[in-house]
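Okay, thanks everyone. I'd like to talk through salt bridges today, so let me put the model up.

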Amino acid sequence: MWWGYSPALDIQLEVNKREINFPGEGLEVLIVGAGDARHIVKTLASSYLHDHCAITYNVIEPTLEQIGRSILLLSTCLDKNLGLQEATRYYLEIFGNTLVRPATAKYLGKLSSTLTNIPTGTVNCPWLNLEKFKHKDKDQIEGIFKFWERATCENVPIVEYWDKRVRKLLKTRYDYRNGVFDWDYHMVLKSRDVPNLTLQEYRFWRNNGIAFTWLEGEPVRSNPTLLSNIIQYGPGFVHYAYLGDIANGPFYTWLLENSNHNRKYRATDVAELEVMRCIHEIKTKEPLCEELFASHRDSSILNGTLVIDPPNNEMEQESWKRERTKQNKENISWIDIENHKVVFHPITSIEVFKHKTGYANKLDFLWIAHNMLKELPNLTPLLKKGAIVVIELRKYMTELREEDLQNFVKEVKNNADNCGLREIVHIDAKKHCIAKFCKT
């Protein structure tokens, strides 16, 4: 729900590979159900490597909380006032950890307070468009940002929510959960060639939802962006407990960029390098020097043995005093990405698009999550001839066996064939985590 199970794609590179010249100067992209902003971040970072091109990213997510998270993560990458390592670790912690460091929690609260003013139009965000939403949806997005600001101070027992989910999933096997986690790692993930993910990282995340850890600082503050169904109720808020993934992890979105990475790196180190590379390239339009990343890595901790102690419940639930400061518009400083626009659409747009002539034959590129495959017939009429379609596969889902993966690939092929899509690369369920097609 909160992250994807396939690598971040450079969308402009995928289009250039096909050597298709679409009419017009810009690219129209639709991303459905990605769960996070990784494809936008990667494409922004690599844009300097390609010819000048204006790109409109149309994004559809099932929930408003996912939209809020995407805005928040993009803002973190584009924040001029953050250092490179600082922005990278803020991004990864907010993205994939139930608990974050105090410094990250303070930044999350401050940024959420700033973003509160965007849905109402009080603050102009040049790269963002929320005009496709109704006023009540904008109000709800505003309420989500307000809840995040408040919850970072008051804290919520998210690790308790996590533990209840694990107990419900494992039932009588709960007391032997480390054995279950070891089995999933060795018998499922290892056979599917997950580079750099260590047993210690995977087991630690399965126990408490903390995916990315470093020696510098202890994660003790709750990450409220992972909570669902946030609704403003009187002067306060109500929310549902943690409903996201507790079996697979957020490791696969930034883990697979280069399978030739040093095998001594943990998944955390590789993800940090990839996100740092993207943020550096967005800011400087130059490639990242590997030595810049290596300068703060201690070779003695690169064997996957760095795992912090279990979180302290008392520290997790400690409340902070809320300090209200008057927001100053000049304090909001994003990197200029004038040729790129992110347009969010409500989930109901999928049904609406096919009835509007203005959207027919409009898209150059379509990306669909594995759980949104049923929407492919509604989206195919929006594609130009020769447009590229990327469908996420389920290779890294531990609850599925080989037979399930093969059956899903067959389902993908059948749906694509019925929609007039041609397979670009033969799909191998054991090797591939995405399937590529083009419209004939």
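Predicted model: local features only at pLDDT ≥ 70, side-chain atom pairs only at ≥ 80, totals over all residues.

Let's start with a quick one: is Glu402 buried, partly exposed or exposed? Glu402 counts as partly exposed, at 32% relative accessibility; buried here is under 20% relative accessible area, exposed is over 50%, and partly exposed is in between, with a 1.4 Å probe and protein chains only.

Residues are numbered from 1 along each chain as its sequence is written, and side-chain values use heavy atoms, with hydrogens and water left out.

So, salt bridges: a side-chain nitrogen of Lys or Arg within 4 Å of a carboxyl oxygen of Asp or Glu. That rule gives 17 of them.

Back to Glu402, whose side chain meets Arg192 in a salt bridge, 3.8 Å from N to O. Arg192 lies in the loop between H8 and H9 and Glu402 in helix H16 (residues 402-418), so the pair ties together parts 210 residues apart in sequence. Helices, by the way, are DSSP runs of H or I, at least four residues, numbered from the N terminus. Arg192 itself is buried, at 4%.

Next, H8 and H9. Asp182 and Arg203 form a salt bridge, with the closest N and O atoms 3.0 Å apart. Asp182 sits in helix H8 (residues 177-189) and Arg203 in helix H9 (residues 199-208), 21 residues apart. Asp182 is partly exposed at 21%, and Arg203 is partly exposed at 27%.

Note on methods. Helix = DSSP H or I, 4+ residues; strand = E, 2+ residues; numbered from the N terminus.
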